[in-house]
Amino acid sequence: MLKIKDSVDLKELEKFGFVEDDDWYCFKSTGYGEITIHISSRTINFEDEWYGSDFDKPMETFFDIIQAGLVEKVEEKNK
């Protein structure tokens, strides 16, 4: 599973266009494209259905936060 590193201040996400909304940081493009990050778990979630150009901006933003060193891959815990 992918998550934002524990050492990262989540306010850093605002530099990439994310907006805090209750328990989430959200990046929404026009239409269906969306990335959400749950604040307490820091897990990264993607909207199920992206269409056409709506796919480009969220994916570019996701690549940017990876390049900035904010994302890590962790083993998913058994539920």
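This is a predicted model: local features need pLDDT of at least 70, side-chain atom pairs count only at pLDDT 80 or more; totals for chains, interfaces and linings use all residues.
Lys 3 is where I would like to start, because at 10% relative accessibility Lys 3 counts as buried, where buried means under 20% relative accessible area, exposed means over 50% and partly exposed lies in between, with a 1.4 Å probe and protein chains only. Its side chain meets that of Asp 6 in a salt bridge, at 2.8 Å from N to O, the term standing for a side-chain nitrogen of Lys or Arg within 4 Å of a carboxyl oxygen of Asp or Glu. Asp 6, by contrast, counts as exposed at 56% relative accessibility.

Residues are numbered from 1 along each chain as its sequence is written, and side-chain values use heavy atoms, with hydrogens and water left out.

Staying with the charged pairs, the count by this rule comes to five salt bridges. Lys 15 and Glu 12 meet through their side chains at 3.1 Å, N to O, and here Lys 15 is exposed, with a relative accessible area of 62%, whereas Glu 12 is partly exposed at 29%. Returning to the residue I began with, salt bridges that share partners join Lys 3, Asp 6 and Glu 72 into one network. Lys 11 forms a further salt bridge with Glu 14, the closest N and O atoms being 3.6 Å apart; Lys 11 is partly exposed at 44% relative accessibility, and Glu 14 is partly exposed at 39%.

Let me turn to the overall fold. The protein chain has one helix and six strands, these being DSSP runs numbered from the N terminus, with helices as H or I of at least four residues and strands as E of at least two. Along the sequence, the elements follow the pattern β-β-β-β-β-α-β. Of the 79 residues of the protein chain, 33% count as buried, and the accessible surface of the chain comes to about 5,400 Å², of which 47% belongs to carbon and sulfur atoms; these areas come from the Shrake-Rupley method with a 1.4 Å probe, and for residues only the protein chains shown count as cover.

Three bridges join β4, residues 34–38, to β5, where Asn 45 stands opposite Thr 36.

What does the largest nonpolar core consist of? It has 14 residues, and those with the most contacts inside it are Ile 4, Leu 13, Phe 18, Ile 37, Ile 44 and Ile 65; such a core is a set of buried Ala, Val, Leu, Ile, Met, Phe, Trp, Tyr and Cys residues joined through side-chain atoms within 4.5 Å. The elements that give two or more residues to this core are β3 (24–28), β4 and α1 (56–67). Leaving aside neighbours within four places in sequence, Phe 18 is in contact with Leu 13, Tyr 25, Cys 26, Phe 27, Ile 35, Ile 37, Thr 61 and Ile 65, contact meaning heavy atoms within 4.5 Å.

Finally, the ends of the chain. Met 1, in the segment before β1 (2–4), is partly exposed, with a relative accessible area of 36%. Met 1 and Lys 77 are 76 residues apart in sequence and 9.3 Å apart in space, C-alpha to C-alpha.

How values were computed:
Two strands pair if DSSP finds at least two bridges between them.
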